[in-house]
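Thanks for coming, everyone. Let me put the structure up on the screen, and then we can walk through a few spots together.

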Amino acid sequence: MPAINLFFDSSALMAGIISDKGAACALLLLAEDQRIVISVSEQVIVEVERNIAKKIPKILQLARQMIRASNVIIYKDPSKEEVIHHLNWINHQADVPILVSAAKAKVDFLVTLNTKNFLDDPQVTFSSGLRIGTPGDALSFVRNQMSRTQ
């Protein structure tokens, strides 16, 4: 069975880097152990680095090391045309590139802590065709999938 592929948005990646506990951190550790794959877009990396540099600059190098150690796959951002074509997927237009990137990467799960824009509107999952949830939801999904293959 191919590895489970999760797409982290910036909120999930930040949570995994900042906290040494919690589901996002556990998922990064599973990726480091090559038991799952974590994918992001260039936009996610830029947002995470910008936020860390602004809020806790002393851990910026550690954050970069954690991303490398977790073997994170970084996808190119979608084109403007692709984003425009999918503006109907989510009300918050700034999040369209994340959805398009995740859909193009054909991931198993989009991981986010942004409940307001991604999870509170069921139309987002329907329109994008993506399974979307919190790091805790994604960890449960991973456990479920791994138990099926054992």
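Let's start with a question: which residues does Phe141 touch, not counting residues up to four places away in sequence? They are Ile4, Asp108, Phe109 and Arg131. By touching I mean contact, that is, heavy atoms within 4.5 Å.

Before going on, a word on what you're looking at. This is a predicted model, where local features need pLDDT of at least 70 and side-chain atom pairs count only at pLDDT 80 or more, while totals for chains, interfaces and linings use all residues. Residues are numbered from 1 along each chain as its sequence is written, and side-chain values use heavy atoms, with hydrogens and water left out.

Back to Phe141. You'll find Phe141 in helix α9, residues 135-149. Helices here are DSSP runs of H or I with at least four residues, strands are E runs of at least two, and both are numbered from the N terminus. Phe141 has a relative accessible area of 14%, so it is buried. The cut-offs are under 20% for buried, over 50% for exposed, and partly exposed in between, with a 1.4 Å probe and protein chains only. Ser128 sits 13 residues from Phe141 along the chain, and their C-alpha atoms are 19 Å apart.

Now the inside. The largest nonpolar core has 47 residues, and Leu6, Phe8, Leu13 and Ile36 touch the most other members. A nonpolar core, by the way, is a set of buried Ala, Val, Leu, Ile, Met, Phe, Trp, Tyr and Cys residues joined through side-chain atoms within 4.5 Å. Take Ile36: leaving aside neighbours within four places in sequence, its contacts are Ile4, Leu6, Leu27, Leu30, Ala31, Val142 and Met146.

On to helix packing. Two packed helices are described by the angle between their axes and the distance between the axes. The axes are lines fitted to C-alpha atoms, for helices over the stretch in contact, with angles from 0 to 180 degrees between N-to-C directions.

How do α1 and α3 cross, and at what angle? Their axes come within 9 Å and cross at roughly 50 degrees. That makes α1 oblique to α3; under 35 degrees would be roughly parallel, over 145 roughly antiparallel, 65 to 115 roughly perpendicular, and the rest is oblique. On the α1 side the contact is made by Ser10, Leu13, Met14 and Ile17, and on the α3 side by Val44, Ile45, Glu47, Val48, Asn51 and Ile52.

Ser10 belongs to α1, residues 10-18. Is Ser10 buried or exposed? Its relative accessibility is 14%, so Ser10 counts as buried. Beyond four places in sequence, Ser10 is in contact with Val44, Glu47 and Val48.

Next pair: α3 (residues 42-55) and α4 (residues 60-69) have axes that come within 9 Å and cross at roughly 150 degrees, so these two are roughly antiparallel. Here Ile45, Glu49, Ile52 and Ala53 of α3 meet Leu60, Ala63, Arg64 and Ile67 of α4.

Last, two loop residues. Most residues other than glycine have a negative phi. Gln34 isn't a glycine, yet its phi is positive, about 60 degrees. Gln34 lies in the loop between α2 (23-32) and β2 (36-41), and at 62% relative accessibility it counts as exposed. Lys106 also has a positive phi, near 55 degrees, and is found in the loop between α6 (96-104) and β4 (109-111). At 70% relative accessibility, Lys106 counts as exposed.
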